[in-house]
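Open the model in your viewer and keep the selection panel handy. We will go from one selection to the next, with a word on what to look for at each stop.

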Amino acid sequence: MTARCELLAAATILPDDRVRTRGGHRCAAQYDEDAVTLAAQAVIALRQDRLEPPSALIFATVTPPYEEGGCAQLVAEIAGLPSQLFTVELTATPRDGLAAVRLACGLICAGGGHVLVCASHRRRADGEREAGDGAVALLLGPPGAEGGIALLTPVHSHAEELRDRWRLPGDLAPREGDASFTDELGSTRVARLLAEARQAGEPGEEAPQPIVVASSSRAAGRLERALGGPGDQAFVRTGLLGCAHPLLRMLLCLGEPSLLLAASGGLGESLLVEPEAAGAALAAEVSGRVAAGREVDAVPPSPAALGFDPYASGPRAWRERGQDLRLEGVLRDGEILYPPPAGLQGPRQPLPRRGRVITHTFDYVYPGADGVQMVVLELEDGSRFYCQVLPGQRLQIDEEAQLLPRRLHEGGGMIQYFWKAAQCR
Amino acid sequence: MPIAGEVAIIGSAATRFGVIHDRGYLDLLAEAARGAIADAQLTQDEIEAAWLGTAEPLTAALLGDAGTAVTEALPGFAPRPVTRVSTFCCTGMEAVRAAAMAIAAGEHDYVLAVGAEKMRDVPPRGSLVARTANLTHPTLAKGRTAPGQFALLANRYMHEYDCTVEDLAAVAVKNHANAARNPIAQYSDPLTVEQVLKAPRVAEPLGVLDCTPTTDGAAAVVLTSVDRARASGRRFAVIEGIALAVVDGYYAGFYHDEADYLGFHVTRAAAASAYRQAGITAPRQQLDVIECHDCFTITELVNCEDLGLCERGEGVRLLREGVTSAEGEVPVNLSGGLQACGHPVGATGVRMIKEIADQVLGRADERQVQGARRGLAHTLGGPGVASCVAVIAAP
């Protein structure tokens, strides 16, 4: 039986800031965002509370903030997913965005219920010339599930030892093979092989539009046009989004059937995408997000951390993961007490993520920053929340605000994630 | 027996407050303690126990993290008991309250309460700012500094009431002018509103001159029972009421629904308790002089309201009308307050007690309020999570 699945919901997170590049623009995240915060925001944006909780989370990124120790569980905590969850991370190549869908299909076919796939990319260095920052999350279910947007069918896979883009431990930017080698024999060739395999395997069938994502955007574009595809319109607005890029392109092409071909070095994956009626609307929505944003010269770099050596503790972080990551308080007499008072038993309830500013200050003496705005919010349930404001934004009293997950610092060698206030857009 | 009306202050002393590079923590502690004992006309041997208030030992290489600092500063005092107390900026006053309880309990005849802090062996940014930024909760309070915490009140207060940055500056101007008559104050030069407003920004809308400096200093008092003081024929002041209130949590205080960022309910709770002990029902009429915790200019305004000198939101009117000026109906912070005296955290509350005791004893020199019979000292700790209020009167 062919393992396939239904796309039930999708969300994209594309930072508003767009930095001009030689080929167009790229999405540029702030210094307090990473592959985890971007992916978590995408999962949250799926509005999973209206959907069946997933049984598995597959996280694909080639820029995990922790090289070892896992990141998917962080995404799950921040997104408020249940702890009875199978997680797996794919971190080898951008092709893994599509490999995640294949894996999800297998899990669903094996009776695994709904599966969340999220993929994200956060540039680590200017050496990632074509890359941008962003995330995509998909909720996948059994074929034929109600409310389906598209039927996804993994088609072919490919694996051979061939490297056109790789990193050794400690590398900030990827190393790249010779451009002519990459173009002629690298991932683009692998993508072509996948396309040919599909054509050979399904004679007589109307050919879906080919979508090619490979290590070189230029070479991939040439192949896609040669195969009759529409060309990568997203790249010039977002940059290549690593593992998220094949998924972003899939969403943009939901107006008609497509054959998605993703290759990185000698690794390749192809996916047949057969949209339902709702596909075109979703494609239009995602297209709008790709086109949105504002051009900026650059995003502010991470401020110098002089004199900043914050306390951290692994046991504390574990004990308080509910309050810090899930923003959970204890429900008592209809009121959410946050942070949860010690020893108080009761059902855990997440705080609302929106509110309005009660008061604020811009603090110039907090070490390691050029100043940080602190705010107190009155959340939608009347409770108070005290936190930093996103870099580059200023909130005023009575202004509406939302809470977004961000990384605060790396005290004790551990990344501390918490929530910051942001303008509602 | 209760503290109220039964415990007497019979001696007090304070070091100069300021950046004192040539004196160490123990030097300052010893000077204040010996001065208070001498002022009480006692010898060290007659002091039976001591309470030490030091809030931040880590700014002085852990000196003051235990009561042994007192026995080190006062050779021969050991093995008598010394207890260190620490309650944020209420630390010094809490040391006095703890010592007073021992007298009230009849455990000791004469006790010493001393507060000391050495904050300027490191630069100001390396002092409380760095400690707060680095050592507070890794997420819940990250971004917090002391000025930033009180600036939240300033912005909300100005949003809610008829108050401007010029009004805030006027608090600093008033208290710096008062400090010109206080020989131990860290700053004694007068300020103008323009100078305050042009000072470098710290946490909007507060600038450097809206903020208390970080300071070295120590202060001490000697306590006994009122009966013993009266029998000895010494001059003394009476603690008519003293109370500490705290909120249910430190970081949690940021998230409390009842926090309106217009004042501190913890001060209102402490004042209510102290007033009940002292029989005060109309503070503005019954108090002749006040030392309150003006760590930032906004704090004095809300303190005046929380201490019941006026209705909430009317603190600015009190200031504008001169009610709290040196010549006003209820002078506030004649010492120069934390704004100009400086704020060696553990010492401040003890200094305030000494200042009010001196006022009701008629020995406040150029700062003396004529006919002062009853005064109040108030400290506010942490981000508004603890408050101590003491009512002190002539016998």
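How are H3(B) and H14(B) oriented to each other? Bear in mind as you look that this is a predicted model.

**Stop 1: two helices in chain B**

Select residues 91-104 of chain B for helix H3, then residues 345-360 of chain B for helix H14. The two pack with their axes 5 Å apart, at an angle of about 60 degrees. Angles of 65 to 115 degrees would count as roughly perpendicular and those under 35 as roughly parallel, so H3(B) and H14(B) are oblique to each other.

Now show side chains where they touch. From H3(B), pick Thr91(B), Gly92(B), Met93(B) and Val96(B). Their partners in H14(B) are Val345(B), Gly346(B), Gly349(B), Val350(B), Met352(B) and Ile353(B). Coloured by class, this contact shows six nonpolar and four polar residues, with no charged ones.

**Stop 2: another pair in chain B**

Next, select helix H6 (residues 165-179) and helix H11 (residues 297-306), both in chain B. Here the axes come within 7 Å and cross at roughly 90 degrees, which makes H6(B) roughly perpendicular to H11(B).

On the H6(B) side, display Leu168(B), Val171(B), Ala172(B), Lys174(B) and Asn175(B). Facing them from H11(B) are Thr297(B), Ile298(B), Glu300(B) and Leu301(B). This contact has five nonpolar, two polar and two charged residues.

**Stop 3: where the chains meet**

Bring chain A back into view. At the interface, 39 residues of chain A are in contact with 34 residues of chain B. Together the chains bury about 3100 Å², and carbon and sulfur atoms account for 59% of that.

Which kinds of polar link will you find here? There are 20 residue pairs in polar contact across the interface, counting pairs with both residues at pLDDT 80 or more, but zero salt bridges between chain A and chain B.

Finally, colour chain A by secondary structure. The elements that each supply at least two residues to the side touching chain B include helix H11 (321-324), strand E19 (372-379) and strand E21 (400-409) of chain A. Strand E18(A) gives the most, with six residues. By class, this side of chain A divides into 21 nonpolar, 10 polar and eight charged residues.

Notes: Residues are numbered from 1 along each chain as its sequence is written. Chains are lettered from A and ligands numbered from 1 in the order in which they are written. This is a predicted model: local features need pLDDT of at least 70, side-chain atom pairs count only at pLDDT 80 or more; totals for chains, interfaces and linings use all residues. Side-chain values use heavy atoms; hydrogens and water are left out. Contact means heavy atoms within 4.5 Å. Buried area is the accessible area (1.4 Å probe) that two parts lose on being put together, summed over both. A salt bridge is a side-chain nitrogen of Lys or Arg within 4 Å of a carboxyl oxygen of Asp or Glu. A polar contact is a pair of N or O atoms within 3.5 Å; within protein, one must be able to donate a hydrogen and the other to accept it, and residues adjacent in sequence count only if both atoms are side-chain atoms. Helices (H or I, at least four residues) and strands (E, at least two) are DSSP runs, numbered from the N terminus. Ala, Val, Leu, Ile, Met, Phe, Trp, Tyr, Cys and Pro count as nonpolar, Asp, Glu, Lys and Arg as charged, and the others, Gly among them, as polar. Axes are lines fitted to C-alpha atoms, for helices over the stretch in contact, and angles run from 0 to 180 degrees between N-to-C directions. Angles under 35 degrees count as roughly parallel, over 145 as roughly antiparallel, 65 to 115 as roughly perpendicular and the rest as oblique.
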